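Let's walk through this structure together, starting with the whole chain and then stopping at a few places along the way. Keep the view open as you read.

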Amino acid sequence: MAAARPPELADLLDAADAAITERAWKAFVARYSRLLLHTARSSGVDYDGGMDRYRYVLEELRRDDFRRLRQYAVEGRSEFTTWLVVVGRRLCADFHRQRYGRDRGISGESESDAAAVRRRLVDLVASGLEPAHLSDPSSETPEKHLRVAELSQILQSVVESLPARDRVLLKLRFEDDIPVREIAEAMGFPSVFHVYRRLKTLLGTLRRDLRDRGVEGPRP
């Protein structure tokens with residue numbers, strides 16, 4: 001069964017005439033612009049580049065009588081905000097390819113983006129396992145860098161096994177660095193405390209899964 005449509009989406013897709021559609025579109029953009037703007041600016045581009053991507057995402061969401069949004073209404077099975085972030089990132093990748101040509105590092109989630117979130121998660125997860133290692137400057141050796149790279153690869157597979165909503169939550173917090181209050185609003189959490197609670201649970205899950213794979217600390 002398809003997921004329930006949020007009210008802003010339902011009002012937009014069910015609008016009876018052009019005037020109602022325009023008002024509904026403005027309400028939709030007001031509700032989700034912050035999330036889409038963060039998505040457009042999360043690839044490390046400058047302000048102007050981020051705004052270009054943001055405008056492109058809005059144009060594509062509106063194209064062909066909201067064809068992409070109607071696709072969610074038919075087949076959507078995840079939270080709408082989760083789905084919208086994924087679609088927004090794909091559209092940003094399309095924008096990049098149209099302007100600059102195909103880049104090996106650009107996809108639905110670019111390699112550099114994935115590496116960035118994994119690096120921050122490595123720090124968090126490893127510090128929870130063995131804090132002294134990360135705080136000891138004398139341990140900065142080639143061997144340690146290799147171990148961290150190995151840990152990152154293991155962690156990547158663990159993260160990819162999480163539900164899509166949890167992966168989006170980790171990305172918004174640890175890669176895009178979106179404030180917790182904004183994440184709560186965008187993803188429909190009842191409060192910031194629910195976001196913190198879910199993040200704590202996810203980090204605990206990652207640590208447990210790493211231990212199950214033989215990682216007892218930041219030494220795979």
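Two residues are in contact here when they have heavy atoms within 4.5 Å. Among contacts in the protein chain between residues at least 6 apart in sequence, 67% join residues at least 24 apart. What you are viewing is a predicted model, in which local features need pLDDT of at least 70 and side-chain atom pairs count only at pLDDT 80 or more, while totals for chains, interfaces and linings use all residues. Residues are numbered from 1 along each chain as its sequence is written, and side-chain values use heavy atoms, with hydrogens and water left out.

The protein chain has 10 helices and 0 strands; helices (H or I, at least four residues) and strands (E, at least two) are DSSP runs, numbered from the N terminus. Of the 220 residues, 43% are buried, meaning under 20% relative accessible area with a 1.4 Å probe and protein chains only, whereas exposed is over 50% and partly exposed lies in between. The chain exposes about 12200 Å², and carbon and sulfur atoms supply 50% of that; these areas come from the Shrake-Rupley method with a 1.4 Å probe, and for residues only the protein chains shown count as cover.

Now find Thr21 in helix α2 (residues 18-40). Thr21 has a relative accessible area of 17%, so it is buried. Leaving aside residues up to four places away in sequence, Thr21 touches Leu12, Ala15 and Phe66.

Phe66 takes us to helix α3, which covers residues 47-75 and also holds Asp65. Phe66 is buried too, with a relative accessible area of 4%. Its phi is positive, about 60 degrees, although Phe66 is not a glycine. Asp65 likewise has a positive phi without being a glycine, here about 55 degrees.

Further along comes helix α8 (residues 164-175), whose 12 residues should span 16 Å at 1.5 Å a residue; the end C-alpha atoms are 15 Å apart, which agrees. The expected span is 1.5 Å times one less than the number of residues. Buried residues in α8 include Leu169, Leu170, Leu172 and Phe174, and also the charged-class residues Asp166, Lys171 and Glu175.

Finally, look at helix α9 (residues 180-187) and helix α10 (residues 192-212), which pack at about 95 degrees with their axes 8 Å apart. They are therefore roughly perpendicular, the word used for angles of 65 to 115 degrees. Val180, Arg181, Ile183 and Ala184 in α9 meet Val192, Val195 and Tyr196 in α10.

How values were computed:
Axes are lines fitted to C-alpha atoms, for helices over the stretch in contact, and angles run from 0 to 180 degrees between N-to-C directions. Angles under 35 degrees count as roughly parallel, over 145 as roughly antiparallel, 65 to 115 as roughly perpendicular and the rest as oblique.
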